[in-house]
Amino acid sequence: MNQTERLAKLERDAEESFPFLVSDEKSSTLRTPEAFASETPKAQKHVAFDPQKAAVKPWVHFVAGGIGGMVGAIVTCPLDVVKTRLQSDVYHAMYNKTPKSSNAVVKAYQHLKETGSVIRELYVNEGSRALFKGLGPNLVGVIPARSINFFTYGFTKDVVTRNFSHGEEATWIHLVSGISAGFVTSTATNPIWLIKTRLQLDKSKGKHYKNSWDCLKHVIKNEGIHGLYKGLSASYLGAVESTLQWVLYEQMRMFINKRSLELHGNNPENKTTKDHILEWSARSGAAGAAKFIASLITYPHEVVRTRLRQAPLESTGKPKYTGLIQCFKLVFKEEGLASMYGGLTPHLLRTVPNSIIMFGTWELVVRLLS
């Protein structure tokens, strides 16, 4: 064998041995070069980024959910104030002076005009700060609420999927995860939402509360610790809305991802920057659409929850609303079915873009921290 042949043989041996040169952590014992090659990056499947399926640590969803909720709450706070006032019986008669048309289009326009007039009156009569009343406790509530919600939902879905569904997602898993997230979040944050509601309903002249801390002390002193949990039963009912939103969002998200695979395949390198932006916008828009549908179906609980937290008194000094069912019946009897949808327009104007902003920000933060 001449020198040239020896060098050629040595080169072939080196090429065949290379796949076995791995660390002890990934020992090559009992492996073939073909088996090792199947694990190399070139042979790995490229899967589009999906924050619901990506291998993300739980704390990332916790942080991302809080940041998303914070951004959405700040942007949409003025509409939240308007919604709360239109739900309240104190402001209901004040703002609902114009008889509503039976025509759906005209009625929608009247609601939009009414919302705009409330914002204008707030700004003129109470100043720009009035548009952000309750923002402090709102942020204190939103950040942990969204963090808890996203964390609990993701954790529950992961546990149930691995242990009861052989790793395959299903609609019933989304339903169970949504109920779990709604129950835990409502219980943990109800006192904060009660304080926020009281502050937003507090009149600027002759107001009862100086700030959030003063409101907290006043409620505990006059109503006891259990006073902080007024409206909790309606909040549990409200968990139906968040659960429905999660289920609808998951269905839309899976459709978007399936469509993406059909158009671009598994390799993200096939997508342009425009494609990535459009898919992110579609997933964010799906969150808004899911919130819109869920809100229309479950909105009356919002009015009842506000009334229970508001805790108005009768002329005798006794509480006007004593429970969930009693509140539903009394509001319906005294004010009619339309009052059960008081503040719906500003609610939709706030929650739909809020969901888009929140889910869009959440996905961006998850991608950044992963």
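# A chat about an all-helix model

Me: How much of the protein chain counts as buried?

Reply: Of its 370 residues, 43% count as buried. Keep in mind that this is a predicted model.

Me: How many helices and strands does the protein chain have?

Reply: There are 13 helices and zero strands. Read from the N terminus, the elements run α-α-α-α-α-α-α-α-α-α-α-α-α.

Me: And the contacts, how far along the sequence do they reach?

Reply: Take the contacts between residues at least 6 apart in sequence: 77% of them join residues at least 24 apart.

Me: What is the mean pLDDT of the chain?

Reply: The mean is 81, and 82% of the residues reach 70 or more.

Me: Where is confidence lowest, and where highest?

Reply: Helix H2 (residues 33-37) is lowest, with a mean of 47, while helix H10 (residues 273-298) is highest, at 93. The pLDDT stays below 50 over residues 22-47, a stretch that has 21 contacts in the model beyond near neighbours in sequence. Where pLDDT is low, the predicted coordinates should not be read in detail.

Me: On to the inside. How many residues are in the largest nonpolar core?

Reply: It has 17 residues. Those with the most contacts inside this core are Ala64, Phe150, Trp246, Tyr249, Phe359, Trp362 and Val366.

Me: Which helices supply at least two residues each?

Reply: Helix H3 (58-87), helix H6 (135-164), helix H9 (232-264), H10 and H13 each do. H13 gives the most, with five residues.

Me: What about a second core?

Reply: A separate core of 14 residues includes Ala73, Cys77, Leu139 and Val142.

Me: I see a lot of rings in there. How many aromatic pairs are found in the whole structure?

Reply: A search finds twelve. One of the pairs is Phe359 with Trp362: their ring centres are 5.9 Å apart and their planes stand at 80 degrees, so this pair is edge-to-face.

Me: Where do Phe359 and Trp362 sit in the chain?

Reply: Both are in helix H13 (residues 344-369), and because they are three residues apart there, about one helical turn separates them.

Me: Are they buried or exposed?

Reply: Phe359 is buried, with a relative accessible area of 5%. Trp362 also counts as buried, at 1% relative accessibility.

Me: Which residues do ring pairs link into a cluster?

Reply: The cluster consists of Phe150, Tyr153, Trp246, Tyr249, Phe359 and Trp362.

Me: Switching to Ala290. Where is that?

Reply: Ala290 is in helix H10, and it is buried with a relative accessible area of 0%.

Me: What is Ala290 in contact with?

Reply: Leaving aside neighbours within four places in sequence, Ala290 contacts Gln245, Leu248, Tyr249 and Met252. There is also a distance to note: Ala290 and Ser355 are 65 residues apart in sequence, with their C-alpha atoms 8.9 Å apart in space.

Me: Now H12. How many residues does it have, and how far does it reach?

Reply: Helix H12 (residues 324-335) has twelve residues and reaches 16 Å from its first C-alpha to its last, close to the 16 Å expected at 1.5 Å a residue.

Me: Which residues of H12 are buried?

Reply: Cys327, Leu330 and Val331 are the buried ones. They cover an arc of only 100 degrees around the axis, so they lie on the same side of H12.

Me: What do they pack against?

Reply: The buried residues of H12 pack against helix H11 (300-310). The face turned away from the buried side carries the exposed residues Ile325, Lys329 and Lys333.

Me: What comes just after H12?

Reply: Gly336 does, with a positive phi of about 85 degrees.

Me: Which residue has a positive phi although it is not a glycine?

Reply: His166 does, with a phi of about 55 degrees. His166 lies in the loop between H6 and helix H7 (171-201), and at 79% relative accessibility it counts as exposed.

Me: Last one, His218. Where does it lie?

Reply: His218 lies in helix H8 (residues 212-223). His218 is partly exposed, with a relative accessible area of 32%.

Me: What does His218 touch?

Reply: Not counting residues up to four places away in sequence, His218 touches Tyr209 and Glu223. The C-alpha atoms of His218 and His208 are separated by 9.0 Å, and these two residues are ten apart along the chain.

How values were computed
Residues are numbered from 1 along each chain as its sequence is written. This is a predicted model: local features need pLDDT of at least 70, side-chain atom pairs count only at pLDDT 80 or more; totals for chains, interfaces and linings use all residues. Side-chain values use heavy atoms; hydrogens and water are left out. Helices (H or I, at least four residues) and strands (E, at least two) are DSSP runs, numbered from the N terminus. The expected span of a helix is 1.5 Å times one less than its number of residues. Buried means under 20% relative accessible area, exposed over 50%, partly exposed in between (1.4 Å probe, protein chains only). The arc is that of the directions from the helix axis to the C-beta atoms. Contact means heavy atoms within 4.5 Å. Rings of Phe, Tyr and Trp (its six-membered ring) pair if their centres lie within 6.5 Å; planes under 30 degrees apart count as stacked, over 60 as edge-to-face and the rest as tilted. pLDDT is the predictor's confidence in each residue, from 0 to 100. A nonpolar core is a set of buried Ala, Val, Leu, Ile, Met, Phe, Trp, Tyr and Cys residues joined through side-chain atoms within 4.5 Å.
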